[in-house]
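User: Please examine the structure shown below and answer some questions on its packing and surface.

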Amino acid sequence: MQVQKLRLQRGWSQQQLAELSGLSTRTIQRIENGQPASAESLKSLASVFEIDFSTLSSEQAMPVSDTLDRDEQLALSRVRKLKRFYIHLIQYLVVISALCLINLLSSPRHLWFYWPALGWGIGILVHASSVFDWIPFLGAEWERKQVEKRLGRKLE
């Protein structure tokens, strides 16, 4: 996870880091997800970040949960949810725009593209409600309470 932190501090994408280090984007993704990396990969990353190799190699021995505190894990989880939502929204806009164009060029008197737009649009709204906590009883606080309940802990 330290690799991801270093990459984000520099404002690099995974693709940019892959190009700078000579590794594949998939290798960068695996390392950031906590999978073990070879010594050569860690040396390449250490040289790109201009840090000592031992800094990255010592991270490999630590479990992921020790490298990030709870707040960082929650923030990272939140950002990933937000990213997935924006990707979903962009896909919706691209596909529905293409369907609209196809519809208007092939049969402008019979508009059918709004049916998939409506159905998928409802899915976008449901996705947005979960990401932006529009439904309070299914939000982050609710999740925390449910986890605490399942673990048999007292709620604060």
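**Core and surface of the predicted model**

User: Which residues touch the most other members of the largest nonpolar core?
Analyst: The model is a predicted one. The largest nonpolar core holds 14 residues. Those that touch the most other members are V3, L17, I28, I31, L45, F49 and L56.

User: Which element gives the largest share of this core?
Analyst: Two or more residues come from each of α1 (2-10), α2 (14-21), α3 (25-32) and α4 (39-49). Five residues, the largest share, come from α4.

User: Which residues does L17 touch, not counting residues up to four places away in sequence?
Analyst: L17 is among the core residues that touch the most other members. With residues up to four places away in sequence left out, L17 touches V3, R7, W12, I28, L45, V48 and F49.

User: Why do the buried residues of α1 line one face of the helix?
Analyst: The buried residues of α1 are V3, Q4, L6 and R7. An α-helix has 3.6 residues a turn, so residues three or four places apart point the same way. Seen down the axis of α1, the buried residues line one face because they fall within an arc of 165°.

User: How many helices does the chain have?
Analyst: Read along the sequence, the pattern is α-α-α-α-α-α-α-α-α. There are zero strands, and the number of helices is nine.

User: What percentage of the contacts with a separation of 6 or more is between residues 24 or more positions apart?
Analyst: The chain has 156 residues, of which 24% are buried. Among contacts with a separation of 6 or more, the part from residues 24 or more positions apart is 52%.

User: Which helix gives the largest share of the nonpolar patch on the surface?
Analyst: The patch is formed by L104, L111, Y114, W115, L118, I122 and V126, with about 700 Å² of accessible area together. Five of these residues, the largest share, come from helix α8 (residues 114-131).

User: Is W115 buried or exposed?
Analyst: W115 lies in helix α8. The cut-off for exposed is over 50% relative accessible area. W115 has a relative accessible area of 54%, so the residue is exposed.

Note on methods. Residues numbered from 1 in each chain as written. Predicted model: local features only at pLDDT ≥ 70, side-chain atom pairs only at ≥ 80, totals over all residues. Heavy atoms only, no water. Core = buried A, V, L, I, M, F, W, Y, C linked by side-chain atoms within 4.5 Å. Buried < 20%, exposed > 50% of the residue type's maximum accessible area, 1.4 Å probe, protein only. Helix = DSSP H or I, 4+ residues; strand = E, 2+ residues; numbered from the N terminus. Contact = heavy atoms within 4.5 Å. Patch = residues over 30% accessible without salt bridge, like charges linked within 9 Å, V, L, I, M, F, W, Y side chains within 5 Å. Areas by Shrake-Rupley, 256 points an atom, 1.4 Å probe, with all protein chains shown as cover. Salt bridge = Lys/Arg side-chain N within 4 Å of Asp/Glu carboxyl O. Arc of directions from axis to C-beta.
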